[in-house]
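Hello,

Here is the structure I said I would pass on. My notes follow below it.

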Amino acid sequence: MTLKNRSLITVDDFSVGEMEGVFNLADEMAESITNQLDVCKGKVMASLFFESSTRTRLSFETAMHRLGGSVISAVDIGATSLAKGESIADMARVIGSYADIIVIRHPWEGAAKVVADYSGIPVINGGDGGHQHPTQTLCDLYTIRKERGSIAGMNIALWGDLKYGRTIHSLIFALAKFSANILFCPSPGLEVPEHVIQKLIAEYGGDIEKMTPEQKAKTDRFPLNAIYTTPNQPHQLAMMPGVDIELELKTGLDALYVTRPQKERFNDAEQQLKDKYPVVDKELLKDKSFRRAMVMHPLPRVDELAYELDSDPRSLYFKQAAQGVPVRMALVSLLLGMKDTKITENETSAPKYEYPIYKQDTGIKCPNKKCVSVQATEIRYLKPDFKIVNFKPLTLRCNYCEHGFEPKYVASTEWHEGMLVSKKYHSAGSHWSQHIKPENLLIFNSAKDAEAAGFKADIRVKKEAEANLSGT
Ligand code: NCD
């Protein structure tokens, strides 16, 4: 199998077989880590870290040095021409002409995709805002697989900031891909975003069961609020819907994946959420359900994981970080085409979901303020780019940051309502939106945009507007 010239922006980019291929090569490389100096000799990696990083940047750079390649780096936006207002696309084109591979971390969600679209060389997403962090996920899965031999059917609890944690978002989809069950244990107010859950169910199948307040009350210090069960494994008795939660937990967890509050991404109102953040300590782990649980953390930790656990044999977080080097050595050498690897199953590329694409410039913008596509420097050349992931209700997903939203109004590029004079826009929830062919669909987020495009409100929209004005 070759992964030559591929990029890794989200975990969707690799199939299970391809990830297994990376793990197999990582196993091989881990056995003789100092003996790989010829693998990427003469190759250059650009390491662009525009957000703070210790493990990801240094393990990538170590990996490239161990492979005999060299590294050029930029670690501060202020020290690059991005600070002068240069676009990410221009930076990517230029660096693509210097280096053979790029690793980028950037606070804007979707930034790594833009680099991949414009650089012409393989790109690895080292974390794009709160969106994804696929190589941390490779390290996480590699750790689970190494300790337990397999990932399928495992019960993995995700703990803490499930809203802004990019390691969490990547891990959710990857665990589903590998047929694991997921227990969601968010800190209050930091639950998994709805668009992540929607994508999980629509594209990976399986079920989400939300805990009732009575069930929650029984779980004591374990803030379980929902369970995802994979469609690909026979459910264990205790994972069947409706079974008492105490029984559920007695089957035991295979891993507890703890994360810190991503306070740099909190809005002002969320700053106080840090104070209610649940802590994992010796006392909590005394519960029977954690008897066999691996304690994992992408690091850095702050207060959510007690230091007293460092000597506990279940704690794997430092091992998890150490495995970042062989995993990234394997990944870099595969993307550069300097190594091939055998795959364990007959699957060589990730299945892609074929949704209709919406690329019309009708003034519609991604509502996520952290999305690369709405930034002043990028809006000059990035056109809105969405998938229509649902028609009822009409739901768009941004192709850069993957945020989902339900736009307000629709119209058709065709004349309709029988008369040429009527060029109307309709509420997205009305029956009209169901009648417009996807290729004729125009979507607007505001009446102003629809009117600027030459459309007039239909009766229903007019009545709604009048009712809003009169306050009824
Ligand atoms: C994580 C990240 O940057 O998202 N760290 C890492 O890469 N290991 C997790 C975090 O910062 O909390």
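In these notes, contact means heavy atoms within 4.5 Å. The model is predicted.

On that definition, and leaving aside neighbours within four places in sequence, A83 is in contact with I77 and G78. A83 itself sits in the loop between strand 2 (70-74) and helix 3 (88-96). G363 is 280 residues away from A83 along the chain, and the C-alpha atoms of the two are separated by 27 Å.

The rest concerns the ligand. The residues that surround the ligand are R55, T56, R105, H133, Q136, R166, T167, R260, Q262, P298, L299 and P300. By type, this shell divides into 3 nonpolar, 5 polar and 4 charged residues. Domain 1 (11-130 + 325-342) and domain 2 (135-321) each supply at least three residues to the shell.

Three side chains have a polar atom for which a distance to a ligand oxygen can be given:

- R166: an N or O atom of the side chain is 2.7 Å from an oxygen atom of the ligand.
- H133: a polar side-chain atom lies 2.8 Å from an oxygen atom of the ligand.
- R105: an N or O atom of the side chain is 3.1 Å from an oxygen atom of the ligand.

How much of the ligand does the protein bury? Taken alone, the ligand exposes 320 Å², and the protein buries 94% of that. Helix 2 (55-66) and helix 6 (166-177) are the elements that give two or more residues to the shell around the ligand.

Regards

Definitions and conventions: Residues are numbered from 1 along each chain as its sequence is written. This is a predicted model: local features need pLDDT of at least 70, side-chain atom pairs count only at pLDDT 80 or more; totals for chains, interfaces and linings use all residues. Side-chain values use heavy atoms; hydrogens and water are left out. A residue is near a molecule or strand if one of its heavy atoms lies within 4 Å of it. A polar contact is a pair of N or O atoms within 3.5 Å; within protein, one must be able to donate a hydrogen and the other to accept it, and residues adjacent in sequence count only if both atoms are side-chain atoms. Accessible areas come from the Shrake-Rupley method with a 1.4 Å probe; for residues, only the protein chains shown count as cover. Helices (H or I, at least four residues) and strands (E, at least two) are DSSP runs, numbered from the N terminus. Ala, Val, Leu, Ile, Met, Phe, Trp, Tyr, Cys and Pro count as nonpolar, Asp, Glu, Lys and Arg as charged, and the others, Gly among them, as polar. Domain bounds come from an automatic or database domain assignment.
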